[in-house]
Amino acid sequence: MKEISQDGRRTRHEPRKQDLLAAAVEYVFEHGFSELSIRPLAAALGISHRTLLYHFHSKENLVVELLKEVRARERLLFAFRSHDLEPISLVEFVQAAWERFTAPEYEGYFRLFFEVYGLALQEPAVYGGFLEGVITDWLPIIEPILIRDGYPSERVSAIATLILSSVRGLQLDLLAAQDRPRAEVAFEELLSMLRSLRPIA
């Protein structure tokens with residue numbers, strides 16, 4: 001049973017809000033975050049700016065909602081349920097993530113991801129919500145694989161951080177230079193390093 005809020009109208013319009021949020025994310029994929037403005041966004045969505053503000057209250061709150069959605073989409077691009085992780089080694093996991101995150105069809109998404117990442121570092125008061133979980137959402141996924149593969153517990157956090165930082169750095173390099181062969185060779189070096197770090201059974 002759906003929980004009833006104090007403002008029953010907003011509860012009834014929640015599906016509409018989610019539709020608008022999804023459309024707004026597609027808009028910022030194309031136009032970016034830095035120049036986001038309520039009136040042009042509302043016009044692009046085919047609604048009045050008052051309707052947009054009715055659902056999101058303010059531009060600041062809309063930005064917060066958009067940032068949450070962008071982060072959620074990153075996780076959905078590579079979603080594993082816990083029982084799906086069992087047969088996957090660390091190297092296989094990292095390789096699968098790289099293949100998904102560098103697929104041409106997701107280039108627009110990751111361009112937006114890194115744009116917002118930069119904005120959040122420059123203007124944390126506005127975009128700082130994006131930074132919450134950008135790292136902590138992923139380390140709890142990577143660390144259990146390291147532990148299962150037998151890496152020493154005292155090294156797990158450092159290795160997981162290195163993996164996440166390396167993959168994100170190579171993603172950014174690929175977007176900036178569009179030199180896939182060089183990025184792929186570098187990624188293979190990362191995999192070789194991870195194989196060499198694996199404990200001997």
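This is a short walk through the structure above, from its overall layout to two of its residues. The model is predicted, so local features need pLDDT of at least 70 and side-chain atom pairs count only at pLDDT 80 or more, while totals for chains, interfaces and linings use all residues. Residues are numbered from 1 along each chain as its sequence is written, and side-chain values use heavy atoms, with hydrogens and water left out.

Let's start with the layout. The protein has eleven helices and zero strands; these are DSSP runs numbered from the N terminus, with helices (H or I) of at least four residues and strands (E) of at least two. Of its 201 residues, 39% count as buried, meaning under 20% relative accessible area with a 1.4 Å probe, protein chains only.

Now look inside. In general, nonpolar side chains tend to be buried together in soluble globular proteins. Here, the largest nonpolar core has 58 residues. Such a core is a set of buried Ala, Val, Leu, Ile, Met, Phe, Trp, Tyr and Cys residues joined through side-chain atoms within 4.5 Å. Phe33, Leu66, Leu90, Val94 and Phe130 touch the most other members. Leaving aside neighbours within four places in sequence, Phe130 is in contact (heavy atoms within 4.5 Å) with residues including Leu67, Phe113 and Tyr117.

Finally, find Thr102, in the loop between helix 6 (90-101) and helix 7 (107-122).

Note on methods: Buried < 20%, exposed > 50% of the residue type's maximum accessible area, 1.4 Å probe, protein only.
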